[in-house]
Amino acid sequence: MRPVRGKKYGIFFKINSLTLDLGNNIMLKAYIKKDAFVQTHLNEIKNYLTSLSSLTGNNSYELLTDEIEDEDWNALWKSFFQPIKVTKRIVVKPSWKTYWKQDQEIVIELDPGMAFGTGTHASTRLCMQAIEDLADTISDKSQCSLLDVGTGSGILAIAAVLLGIPKVIGIDIDYQAIECAKRNAKMNNVSDKLIFTGVPLHKTNGAFSMIVANILPQTLIDLKADLLSHLAPSGYLILSGILNEKAREVIDEFTKDISFVRETQEDEWGCLIFKLICT
């Protein structure tokens, strides 16, 4: 494919590569399956561009196509997922890799499937470090509990159990994520020590000494009332999935009702820790 100018915005299908230059430095890249309908799809795109040119008077729209070899994308992805030391003690190991545990290390074996959370993303690492740091400050963890909102692969909930938190619940609105999390819990021999459920936050029962939510900033803000209603007195709220430039917006919203403790950062991502201080 010859180079084209502009920013890249991706919508990914599979196998044929196409690049759509929309002018004004805007470019759409996509991958579509090369099958009996591929030419029909391309003709539909070309017709759309013709109509768009007529409506806008802009004749600079251009469609470029190229073929790429099909690959075992799952195997290719797996080749990039290696054992990684996420915190001072926690190592995340893909289920298909061998890792020799060192003294004091906690090893989480993981097969994330389509669910989010492998430990390779900065927001996941920041959350896990926050959980570890807070857990280490508690000498008697017998009354501790943690709610993982948007649990994904279950990695944070599993880490909490392995760090000694006795009551852990992970919730997610994605059924596939819940099934994936349950498989990962079984793989790490903690199935009997935590619960994964598709019950939404507002229908979840109980108050928790820690709540972690690694979601998008606006979703965190939208969930603020429900998050705070499930936080026990003197409990900690850990929020991540937040780009640095969005952190102040989230802090300003939550500090209306809860005390801000600190922010940790890695690359362009931030993790915010709050505490519900009772007076």
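User: Two strands count as paired if DSSP finds at least two bridges between them. By that rule, what makes β6 and β7 a pair?

Analyst: This is a predicted model, and in it β6 and β7 share 5 bridges. The rule asks for at least two, so β6 and β7 are paired. Their sense is parallel.

User: What makes β5 and β6 a pair?

Analyst: β5 and β6 (residues 90-94) have 2 bridges. The requirement is at least two, so β5 and β6 meet it. Here the sense is antiparallel, and K85 stands opposite V91 in β6. A hairpin of 4 residues joins β5 to β6.

User: Why is S153 called buried?

Analyst: The relative accessible area of S153 is 0%. The cut-off is under 20%, so S153 is buried. S153 is found in the loop between β8 (145-149) and α4 (155-162). A polar atom of its side chain lies 3.4 Å from the backbone nitrogen of I155; the limit for a polar contact is 3.5 Å.

User: How do you know that the span of helix α5 agrees with its number of residues?

Analyst: The 13 residues of α5 (residues 175-187) should span 18 Å at 1.5 Å a residue, and the end C-alpha atoms are 19 Å apart, which agrees.

User: What makes one side of α5 the buried side?

Analyst: The buried residues of α5 are A177, I178, C180, A181, N184 and A185. They cover an arc of only 165° around the axis, so they lie on the same side of α5. Among the elements that cover them are β7, α4, β9 (167-171) and β10 (194-197). The face turned away from that side carries Y175, Q176, R183 and K186, which are exposed.

User: What makes D174 a cap of α5?

Analyst: A side-chain oxygen of D174 lies 2.9 Å from the backbone nitrogen of Q176, at the N-terminal end of α5. A polar contact requires N or O atoms within 3.5 Å, so this pair is inside the limit. Just after α5, N189 takes a positive phi of about 60°.

User: Which residues touch the most other members of the largest nonpolar core?

Analyst: I131 and L194 do, in a core of 39 residues. α3 gives the most to this core, with 8 residues. L194 touches A157, I158, V161, V168 and A185, leaving out residues up to four places away in sequence. A second, separate core has 25 residues, including L147, V149, A247 and F254.

Methods
Residues numbered from 1 in each chain as written. Predicted model: local features only at pLDDT ≥ 70, side-chain atom pairs only at ≥ 80, totals over all residues. Heavy atoms only, no water. Buried < 20%, exposed > 50% of the residue type's maximum accessible area, 1.4 Å probe, protein only. Polar contact = N/O pair within 3.5 Å; in protein donor to acceptor, adjacent residues only side chain to side chain. Expected span 1.5 Å × (residues − 1). Arc of directions from axis to C-beta. Contact = heavy atoms within 4.5 Å. Core = buried A, V, L, I, M, F, W, Y, C linked by side-chain atoms within 4.5 Å.
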